[in-house]
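User: Can you walk me through this one? I'm new to it.
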Amino acid sequence: MLVEKKERVIIGIDPGTSIMGYGVILEKGSKIELITMGIVRMDHLDDHFLKLQRIFEKTIVLIDEYKPDAMALEAPFYGKNIQVMLKLGRAQGVAMAAALSRDIPITEYAPRKIKQSITGSGSAGKEQVAAMLQTLLKFKETPQFLDATDGLAVAVCHSFQRVSTSGTGKSYSGWEAFAKDNKKRLK
């Protein structure tokens, strides 16, 4: 029998090579609470590998402090500059490696999916996402950088993806998991 945990901690990461945003939430059933959010600055570092080391080390510190049950990451968006894409992919990979080293499951979300789940519009701006999160999680202070609310948005998006089926008590992390367990219900 599957026993579901009543609470879970989710860390959201918006990877970047100049600024990494993060947010940590506590999910209690259908309610979510803000635990913390912030940024890791790396714009003062010139060496790309030192930036990656800082991302890894800070992510490990966050994981060890807040003991998340899941990590959600913003997937790199597709851009024209391949060097930027490569650097963002490395930043994301290092954050993933930190979670994997602590046996934490990882889920990626496209930026459009995150905005859609928070605001209802996949083309919402960073300010709209931040304002919606302030309303949803009832925090007053405006983060110095919108990268912090971007990280928080990834965590909230992950929380919103849980789909419960009535009667079974089983929950799913997304459509694919639900479809796999419910083949007879699909046409």
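Analyst: Let's start with a term. A crossing is left-handed if the near helix is turned anticlockwise from the far one by less than a right angle, and right-handed if clockwise. Note also that this is a predicted model.

User: OK. Is the crossing of helix 3 and helix 4 left-handed or right-handed?
Analyst: The crossing of helix 3 and helix 4 is left-handed.

User: At what angle do helix 3 and helix 4 pack?
Analyst: About 40°, and the axes of helix 3 (residues 111-119) and helix 4 (residues 126-137) are 9 Å apart. That angle makes helix 3 oblique to helix 4.

User: Which residues in helix 3 and helix 4 meet?
Analyst: Lys115, Ile118 and Thr119 come from helix 3, and they meet Gln128, Val129, Met132 and Leu133 of helix 4. By class, that contact has four nonpolar, two polar and one charged residues.

User: And the crossing of helix 1 and helix 2, left-handed or right-handed?
Analyst: Right-handed for helix 1 and helix 2. In the contact of helix 1 with helix 2 there are 11 nonpolar, three polar and two charged residues.

User: How many bridges join strand 1 to strand 4?
Analyst: Four, and the two strands run parallel. Ile13 stands opposite Leu73 in strand 4.

Technical notes
Residues are numbered from 1 along each chain as its sequence is written. This is a predicted model: local features need pLDDT of at least 70, side-chain atom pairs count only at pLDDT 80 or more; totals for chains, interfaces and linings use all residues. Side-chain values use heavy atoms; hydrogens and water are left out. Ala, Val, Leu, Ile, Met, Phe, Trp, Tyr, Cys and Pro count as nonpolar, Asp, Glu, Lys and Arg as charged, and the others, Gly among them, as polar. Axes are lines fitted to C-alpha atoms, for helices over the stretch in contact, and angles run from 0 to 180 degrees between N-to-C directions. Angles under 35 degrees count as roughly parallel, over 145 as roughly antiparallel, 65 to 115 as roughly perpendicular and the rest as oblique. Contact means heavy atoms within 4.5 Å. Two strands pair if DSSP finds at least two bridges between them.
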